[in-house]
Amino acid sequence: MTEDGRFALRFERRFEHPREKVWRALTERDELRGWFVQILDYDRSRLEFTEGAELAFVPKSGDAGTGTVVHAERPRLLEYTWDGETLRFELAADGEHACVLVFTNVLDDRETGSAVAPGWRAGLDLLAELLDRR
């Protein structure tokens, strides 16, 4: 639980890749297509991850979601909102050629967190595969 009574999912992954490479996978449209939320139409979504930027998450069908980039400190921290949720990606160097990603998704309640947790686990597995292939 967060201080304001919300629920936070926290994932930690170590990658045998430098922070810059992982940062690109978190912020570049063509990289996101390979691992991030599969319901998005990446050609129509507005995904410029600079601090203060307005985001638009356009699904392949249905209504678009919106967000704002709260923090963007390349290659260390990316935090943005998506409708009522907050997504925070923290990258810490772990030696010369590796890093640790701490991903936190803050949601309104535990039930929503339980519902989305398997999807985030699968997405982070896809991120690892994407990084290892490139």
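Buried means under 20% relative accessible area, exposed over 50%, and partly exposed in between, with a 1.4 Å probe and protein chains only. Strands (E, at least two residues) and helices (H or I, at least four) are DSSP runs, numbered from the N terminus.

This is a predicted model, in which local features need pLDDT of at least 70 and side-chain atom pairs count only at pLDDT 80 or more, while totals for chains, interfaces and linings use all residues. Residues are numbered from 1 along each chain as its sequence is written, and side-chain values use heavy atoms, leaving out hydrogens and water.

**Exercise 1. Follow β6**

Find which residues of β6 point each way, and say whether they are buried or exposed.

Solution: 
- Start with one side: C99, L101, F103, N105 and L107 point that way.
- V100, V102, T104 and V106 point the other way.
- In a regular strand the side chains alternate between the two faces of the sheet.
- Now check burial: nine of the nine residues of β6 are buried, so the strand is largely enclosed by the rest of the structure.

**Exercise 2. Find the partners of β6**

Which strands pair with β6? Two strands pair if DSSP finds at least two bridges between them.

Solution: 
- β1 runs antiparallel to β6, and nine bridges join the two; here R13 stands opposite L101.
- β5 pairs with β6 over eight bridges, also antiparallel; L87 has N105 as its bridge partner.
- Lastly, look at the connection: β5 and β6 form a hairpin with five residues between them, and G95 in the turn has a positive phi of about 85°.

**Exercise 3. Explore the core**

Solution: 
- The largest core has 35 residues, and L26, W35, F36, Y80, F89 and L127 have the most contacts inside it.
- Elements giving two or more residues include β1 (7-15), β5 (85-93), β6 and α3.
- α3 gives the most, with six residues.
- Zoom in on F36: leaving aside residues up to four places away in sequence, F36 touches Y42, Y80, W82, L87, F89 and W120 (contact means heavy atoms within 4.5 Å).
- In soluble globular proteins, nonpolar side chains tend to be buried together.

Notes
Core = buried A, V, L, I, M, F, W, Y, C linked by side-chain atoms within 4.5 Å.
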